[in-house]
Amino acid sequence: MSWNGPDQATLAQLTQILQNSISESAQARNAANQHLEQAKSLPDLNNYLAYILVRSTDQEIPVRSAAGLLLKNNARLYYHDIAEPVLNFVKEAVLNGLADDQHLIRSIAGNVITTIVSRGGVIAWPEVLPRLMDMLDTSTGATQEGAFSALCKICEDSSHELDQDYNGQRPLNFMIPKFLTFCENPNPKLRENAIFCLNQFVMIKSQSLNIHIDAFLAAIFKLATDTTPEVRKNVCQALVQLLDARPDKIEPNLNSIVEYMMYSTSDDDETVALEACEFWLTIAENDDLRLKLEPYLPRIVPMLLKGMIYTDMDVFALGGDEDDANVPDRLEDIKPVFAHGKKHTLQSQGAGNGNTGGDGDDDEDDEDYDDEEDEDDIYAEWNLRKCSAAALDVLATVFPMSLLQSALSHLKEQLFNADWKVREAGVLALGAIADGCMDGIMPHLPEIFPYLISLLKDPKPLVRQITCWTLGRYARWAAALTTEAEMKMYYEPLVEGLLRMVLDNHKRVQEAGCSAFANLEEISGAVLLPYMIPILNSFQMAFQKYQHKNLLILYDAVQTLADSIGGALNNSDYINLLMPPLIEKWQALADDDRDLFPLLECLSAVTAALGSGFIPFAQPVFSRCIHILSSTIAQLQACAQDPSLEFPDKDFLITSLDLLSGVVQALGQNSSQLMMTSNPPVVQLLSVCMQDEVAEVRQSAYALLGDMAIQCFDTIRPYIQSVMTELIPQIEPRTDAFSVCNNAAWAAGEIALQMGAEMAPWVEQLMGRLVPLLNAKGTPHTVRENAAITIGRLGLVCAEPVAAQLDQYAASWCEVLANVRDNEEKDSAFRGMCTIISKNPNALNPYFIQFCTAVGRWQEPSAELANMFHQILIGYKSIMDPATWAQSLQHLTPEVQVGLQKYGA
């Protein structure tokens, strides 16, 4: 049924309500919002809103705008509930609204159009594109701009949908030629919109655009010197996207394009300069074209250095130099915090400092990248300064020596400049080239490093802040120094300087100092031990001084310290400094406070490092974790019965499970006593978490299960049947849950060691999952390592069924564990493999060389394992003639051959 027009009384009443909704009076606004909520029951409300937006030209613009914004929200939220006659009226009205005299009304009408298209799709409104394209041919500039504004949003939101055939026709086949003609329109707004629309189809490699790609390039080149900055910005964006999607079209004109991009990166309009600066990041990723940049480096480098200098507006936006340590953080400045589940990993030979086993991070293999954390916070807020620094960083990795040669004289000039903004940019640039140019800049560091340390006393907080970041980038050099004189000259001042920044009176500097010191901790490990008292004193003061946001960073610094020095933290002097502020924060937070997440993660690392030193704190921490787990699970079960209840945050499960893991690791076998006090029993709570639909919850649950299997298996044994029934299906290579699979596979191996021969009922099912997991090349390496460890351990306790399948996994098993560092887990797995081989020696024959390679790379096997190696190698040597044996050894590297000699082979 068509709409016969508005009832005048209703129209007047709704208009008044809209007027009140934008009143300065809060009381009037609240009453109006209540009336608008009630008005949603009117079946033709959206007709009235469209009418007021487009036809009530006698009303004030703010009232019409309010009607349009409410209409847009209704279309966004309730599109599928809008009756077809109402929707048809709205569609026609907002299309007419694009011809309104008022720019704001045209803009809102365009927003309603694009909202309807995004919710229903182009195919549900087939008339919209032809109508909009026809409007481009009108003689009225306002109508053209209104139509083009809507087309820009549709192209941006629905590019893939437009690049499809509908009843034998593709919308872009008639849209792109029309856009190309508008690239020459005398109206700069229409030129800007035309290029913008065309740009939306470059990255999707649209077939329709590719037909006209040469005409598109010609249009871009013609507009390169356009007098309108918005047009030039879109030209730069087009060239960057073409460089990525169609480098073949860029290469013939690369020299002139590079010249243009250098010119545009220095454009007075920062939006143009920023789009142009993206070019250097993009070309650095192109293996074929990037090397052609080298001759331009002497001009590119100073251009980027100039772009890294704060503008006066930047400095104003960042706030003044006044101390603000006592000023509470604004809620909008605090990022939400999330929990990260624990993952069991081994460490490969050649890896960095750290423990050889345990729970750690393996970013390469972990599907859970920390999306909320920037690699370097200094690049977090994107602008020309940050883009220039990132471009310099990337180019330094491509041209380490030649870029450094081009940069050194400019860097020295900036670093010692009297203008603090120039000096600050020099420090930023020095940090940006650290990764790529480290080898070349090392000879200069003895001179540069003391100067950087001195800048930690600069009166400008922004200089102190950036200096912390840059020192963090070069901390690896200082931590690797070997002589006492070098340590006193460079490393100790670095530690002292960063700790001073941790306690700075400016919150930005505190944050930078704390982050840089956490980086130093990770790099230094045991090198930090002589400085533990001043470090912990500083942390203790920081706990009292920090506001909310920086407190989260401080938790991370404490956690990193615990992870880096491990058991050395178990020192009464250290405990007396570290634990009181942590326990104070722990007691101050409610059980449902999200700030518990970072604190629980921090405590997990601290408990594991303290070991027996944590015993005095164990009971209250354990009891609270159990309470949080049981109450969260109870809330989840209640929500399952009544969906109207508020759903609890499952991060409370993750962090509580992880802290319980830390407690179990810290207390060792003494943790059994705590487990006995739990009501309900820990394993019952754990069982619920092991079946949770959220992967991170299951991941942490299986990490705790494995730790309990090691330290307090008696608490698991009564439930072993149900535990294994829940565990085995989790050993599955799902890309969204590799860490669950990883931890479940590891836990199964720990359980096998405790069960011994009683593990037999589950061996066949486990092998049916572990062997394919081990053999799958696409599986993350840590998952394959844990699968191999568990297969070896199953062989240790139930050799016969595991040995029967030896030919199916021998090659992969040896390959995966050959490069893992020596540790007890690896030792038990190899003892299991030797037992397996003794049961089925012939199955190893095709893979004997791989086995020898894995054996030869052992550094210090246990006496039992060394004897097993000896027995197996001597056994194979005895059944081979000397020539065959010698020929076999020739396939091994000299390093492996030397390694085998200690076993009599």
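Thr835 is in contact (heavy atoms within 4.5 Å) with Gly795, Leu796, Ala799 and Met868, leaving aside its neighbours within four places in sequence. The residue is found in helix 44 (residues 824-839), where helices are DSSP runs of H or I with at least four residues and strands are runs of E with at least two, numbered from the N terminus. At 18% relative accessibility, Thr835 counts as buried, the term standing for under 20% relative accessible area, with exposed for over 50% and partly exposed for what lies in between (1.4 Å probe, protein chains only). The model is a predicted one, in which local features need pLDDT of at least 70 and side-chain atom pairs count only at pLDDT 80 or more, whereas totals for chains, interfaces and linings use all residues. Residues are numbered from 1 along each chain as its sequence is written, and side-chain values use heavy atoms, with hydrogens and water left out.

The secondary structure of the chain comes to 48 helices and zero strands, and the C-alpha trace spans about 100 × 70 × 65 Å along its principal axes. Of the 905 residues in the chain, 56% are buried. Among contacts with a separation of 6 or more, 74% are accounted for by residues 24 or more positions apart.

Not counting residues up to four places away in sequence, Trp280 touches Val258, Met261, Met262, Thr265, Leu293, Ile300, Met303, Leu304, Ala391 and Leu395. In helix 18 (residues 297-307), Ile300, Met303 and Leu304 are among the buried residues, which also include Leu297, Val301, Leu305 and Gly307. The cover over the buried residues of helix 18 includes helix 16 (254-265), helix 17 (270-284), helix 20 (384-398), helix 21 (400-415) and helix 22 (420-432).

Leu242, found in helix 14 (residues 229-245), is buried with a relative accessible area of 0%. Residues up to four places away in sequence not being counted, Leu242 touches Val202, Ile213, Phe216, Leu217, Ile220, Pro247 and Ile250. Leu242 and Leu217 are 25 residues apart in sequence, and their C-alpha atoms are 9.3 Å apart in space.

Rings of Phe, Tyr and Trp (its six-membered ring) pair if their centres lie within 6.5 Å, and are stacked with planes under 30 degrees apart, edge-to-face with planes over 60 degrees apart, and tilted for the rest. By this rule the count comes to 20 aromatic pairs. Phe148 and Phe182 form an edge-to-face pair, with 5.4 Å centre to centre and 90 degrees between the planes. This pair links distant parts of the chain, Phe148 being in helix 8 (residues 141-157) and Phe182 in helix 10 (residues 171-182), 34 residues apart. Phe148 is buried with a relative accessible area of 0%, and Phe182 is buried with a value of 6%. Tyr491 and Tyr531 form a tilted pair, 5.8 Å centre to centre and with 50 degrees between the planes. Because Tyr491 lies in helix 27 (residues 484-502) and Tyr531 in the loop between helix 28 (507-524) and helix 29 (532-545), the pair ties together parts that are 40 residues apart in sequence. Tyr491 counts as buried at 0% relative accessibility, and Tyr531 is buried with a relative accessible area of 12%.

Ring pairs also link Trp813, Phe830, Phe851, Trp858, Phe869 and Tyr903 into a cluster. The charged end of Lys826 sits over the ring of Trp858, 4.6 Å from its centre, under the criterion that NZ of Lys or CZ of Arg is within 6 Å of the ring centre and within 35 degrees of the ring normal. Elsewhere, Arg385 lies over the face of Tyr310, at 3.8 Å from the ring centre.
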